[in-house]
Amino acid sequence: MRVMERTFREQFFFLLLCLSVLKGDCRYIESNDIAKDELYSLLSSDLRREMPELLMYRRPLRCLDMVAVEGQFTFTAETPQLSCAAFFMAEPNELISVEFDSVDIDCSGGDFITMFDGWVMKGEKFPSSQDHPLPLYERYVNYCDSGAARKSVRSSQNVAMVFFRVHGAGSSFAVTVRKHVNPFPCNVISQSPEGSYTMVTPQQHRNCSFSIIYPVAIDISEFNLAHHSNFPKRSLPSCAESGDYVQLLGGSGIDTSKLLPITDLCISFTGPTHMKIGCDNTVVRMVSSGRFVSRVSFSYRLLDSQELQTIKLNNVEDFCFNN
């Protein structure tokens, strides 16, 4: 039996570590940096917004970075940096705005700063083009093309990212990151390997996904379509034909259109539906026709090593170890 490939989540953080070591940026991988991020995140969003600009959280932005707090992050190139990306993440019920400040780059010389509405990892996008409200080309905002007209850009979900490339030493820019309440969250990447969530689509024709980038045990406690039909509960064509249903998906990437279906649910029920899914990414995806108020509630927790080993040895129980 072959050994399961390192998960894309592990690859991402391993790449971050390797790049930092190779570039001599080990000074950034310090516990006090993490502690400050965590301490600042404990402050409520309302309190942080009331703080004067002088008290705004600030730190340097790295060529490859992950940011989960509000604040101002400044990048200054010591050498040419041709392939950089910063990933931003908020709570499930929040949106992210990114404002460009003090930009000093050479757009005519090939430099650029581009915000993407979502995440791109290993060529895959979250949310997928099927689930995002905007066409793909509108999800990219290039500072060099828009300039002062689009100094601030807001995401459609709780994740966003910035790609950038600068050729000259001393080139710099700053981004100010703020979080905003989203009354109807749709498309979420979970920050945590455990928790609970209720996803609601208020009579809108859209698809919403909740992505858990961990192998998890998941319990769906309620699924309500606000109507009663005799559709089958498990994966049959009539679920998709109904136009309103919930999918459980699994796989190793972040694009939900490329994940493998585990099961479909298309009748209302109350009571636990329990599954253990040993995939790098587990997704609860709600497809809505807009005719009904759809609601699904679920909880999830990280699988321990013994549970993962059991799943790995049982080919019937989980396909993620065989693909």
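Q: Where is Asn187 placed among the strands?
A: In this predicted model, Asn187 belongs to the loop that lies between β12 (172-181) and β13 (188-189).

Q: Why is Asn187 called buried?
A: The term buried applies under 20% relative accessible area. Asn187 has 3% relative accessibility, and therefore counts as buried.

Q: Which residues are in contact with Asn187, leaving aside its neighbours within four places in sequence?
A: Contact requires heavy atoms within 4.5 Å. With those neighbours left aside, Asn187 is in contact with Phe126, Pro127, Asp131, Gln157, Asn158, Asn207, Cys208 and Ser209. For Asn158, the separation from Asn187 is 29 residues in sequence, and the C-alpha atoms are 7.7 Å apart in space.

Q: What makes the approach of Asn187 to Asp131 a polar contact?
A: The cut-off for a pair of N or O atoms is 3.5 Å. A polar atom of the Asn187 side chain lies 3.2 Å from the backbone oxygen of Asp131. The side chain of Asn187 also reaches the backbone nitrogen of Ser209, at 3.0 Å.

Q: What makes a group of residues a nonpolar core, and how many residues has the largest?
A: Such a core consists of buried residues of the kinds Ala, Val, Leu, Ile, Met, Phe, Trp, Tyr and Cys, joined through side-chain atoms within 4.5 Å. The largest nonpolar core has 28 residues, and Leu61 and Phe88 have the most contacts inside it. At least two residues of this core come from each of β3 (71-76), β4 (81-89), β5 (94-104), β6 (112-116), β11 (159-166) and β12. The strand that gives the most is β11, with four residues. Leaving aside neighbours within four places in sequence, Leu61 is in contact with residues including Phe73, Phe75, Phe164 and Phe173. A second core, separate and of 25 residues, includes Met199, Phe210, Tyr214 and Val296.

Q: How do you know that β2 and β4 pair?
A: Pairing calls for at least two bridges between two strands. β2 and β4 have four bridges in the parallel sense, and therefore meet the criterion of at least two.

Q: Why are β2 (64-67) and β9 (140-142) said to stand at the edges?
A: They belong to an open sheet of five strands in the order β2-β4-β11-β6-β9, where the pairing is mixed. Each of the two has a single partner strand, so one side of each is left without a neighbour in the sheet. From one strand to the next, the twist averages 15°.

Q: What is the order of the open sheet of four strands, and which are its edge strands?
A: The order is β14-β21-β16-β19, with antiparallel pairing. β14 (195-202) and β19 (269-277) are the edge strands, as each pairs on one side only. With direction ignored, neighbouring strands of this sheet are turned by 20° against each other on average.

Q: How many bridges join β16 to β21?
A: Strand β16 (residues 216-224) and strand β21 (residues 293-302) run antiparallel and are joined by eight bridges. Within β21, Phe298 is the bridge partner of Ile220.

Q: How many helices and strands are there in the protein chain, and how much of it counts as buried?
A: The protein chain has six helices and 21 strands. Of its 323 residues, 49% count as buried.

Key
Residues numbered from 1 in each chain as written. Predicted model: local features only at pLDDT ≥ 70, side-chain atom pairs only at ≥ 80, totals over all residues. Heavy atoms only, no water. Buried < 20%, exposed > 50% of the residue type's maximum accessible area, 1.4 Å probe, protein only. Polar contact = N/O pair within 3.5 Å; in protein donor to acceptor, adjacent residues only side chain to side chain. Axes fitted to C-alpha atoms, helices over the stretch in contact; angles between N-to-C directions.
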